[in-house]
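Colleague: I am new to this structure and would like to know what stands behind the terms used for it. Please show it to me first.

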Amino acid sequence: MEPGQEPAEIVADLSQKPHRILVSIQNRGGTVKKSLITDDTDIGSSLTNYHLTNLMGAGLVERTDEDEHEGIPREGYTYQITDKGEEVLEVALEDYETTPVESRDIRRRFEKLEGRAESLEQQNQKLVAKVDELTEENERFEGRIEELTKENERLEGRIDDMRDANSKLWEDVQSLK
């Protein structure tokens, strides 16, 4: 997330925890103490600080406490969602009809499906190559069968000729007796 990004670009990059923080602030009226954010989101205090810093850097959240000289308030600083932060949440819900978390989950599932489809395509290509190879082998066998059939017919013709010759020879022998 960077300050100059459009809301749709931020939505595409927004991870689950910063999204939960934005939703927490929004659900509590737009301004809330950090302790309530950590309660709402079940995100640890230091990790919440980290994400709030990033959200402030992107212009989605701002700290509203003015007097920093008295130290950190017991419940933590107060944070407010900015118009840009509201717009990011709106874009996530309206344009994509999903939250950034759902969108990212859908994207992850889609990537898995793409990987699976690519794997299946590779398997299909291997099977097509194997079918082509078997088809060529089958054509060779069919050619060989055709050759053997012709040879068999030729041999059967010779056998018939030999039977005729044998019958004729038998008749000649019988006539000599």
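Modeller: Buried residues account for 24% of the 177 residues in the chain. Keep in mind that this is a predicted model.

Colleague: What makes a residue buried or exposed?

Modeller: The relative accessible area decides: under 20% is buried, over 50% is exposed, and values in between are partly exposed. In helix 2, the buried residues are Pro18, His19, Ile21, Leu22, Ser24 and Ile25.

Colleague: Why is lysine 17 called partly exposed?

Modeller: Its relative accessibility is 34%. Lysine 17 lies in helix 2, residues 16-27. Leaving aside residues up to four places away in sequence, lysine 17 touches Ile43, Leu47 and His51.

Colleague: Which residues of the largest nonpolar core touch the most other members?

Modeller: They are Leu22, Ile25, Leu60 and Val61, in a core of 18 residues. At least two residues of this core come from each of helix 2, helix 4 (45-57), strand 3 (78-81) and helix 5 (83-94). Helix 2 gives the most, with 3 residues. As for isoleucine 25, its contacts beyond four places in sequence include Val32, Leu52, Val61 and Ile81.

Colleague: Why are helix 2 and helix 4 described as roughly perpendicular?

Modeller: Their axes come within 10 Å and cross at roughly 80 degrees. Angles of 65 to 115 degrees count as roughly perpendicular, and that makes helix 2 roughly perpendicular to helix 4. Where they meet, Lys17, Pro18, Ile21, Leu22 and Ile25 in helix 2 face Leu47, Thr48, His51, Leu52 and Leu55 in helix 4.

Colleague: What about helix 3 and helix 4, what makes them roughly perpendicular?

Modeller: Helix 3, residues 34-41, packs against helix 4 at an angle of about 110 degrees, with the axes 10 Å apart. Since 65 to 115 degrees is the range for roughly perpendicular, helix 3 and helix 4 are therefore roughly perpendicular to each other. Lys34, Ile37 and Thr38 in helix 3 meet Ser45, Thr48, Asn49 and Leu52 in helix 4.

Colleague: How do you know that strand 2 and strand 3 pair?

Modeller: Two strands pair if there are at least two bridges between them. Strand 2 and strand 3 have 3 bridges, in the antiparallel sense. Glutamate 62 stands opposite glutamine 80 in strand 3. Strand 1 is likewise joined to strand 3 by 3 bridges, and these two strands run antiparallel. Here the bridge partner of valine 32 is tyrosine 79 in strand 3.

Colleague: In what order do the 3 strands form the sheet?

Modeller: The order is 1-3-2, in an open sheet with antiparallel pairing. What makes strand 1 (31-33) and strand 2 (61-63) edge strands is that each pairs on one side only. From one strand to the next, the twist averages 30 degrees.

Colleague: Which strands does helix 2 lie across?

Modeller: Helix 2 lies across strand 1, strand 2 and strand 3, and runs at about 95 degrees to strand 3. Helix 4 also packs on the sheet, where it touches strand 2 and strand 3; its direction makes about 110 degrees with that of strand 2.

Key: Residues numbered from 1 in each chain as written. Predicted model: local features only at pLDDT ≥ 70, side-chain atom pairs only at ≥ 80, totals over all residues. Heavy atoms only, no water. Helix = DSSP H or I, 4+ residues; strand = E, 2+ residues; numbered from the N terminus. Buried < 20%, exposed > 50% of the residue type's maximum accessible area, 1.4 Å probe, protein only. Contact = heavy atoms within 4.5 Å. Core = buried A, V, L, I, M, F, W, Y, C linked by side-chain atoms within 4.5 Å. Axes fitted to C-alpha atoms, helices over the stretch in contact; angles between N-to-C directions. Parallel < 35°, antiparallel > 145°, perpendicular 65-115°, else oblique.
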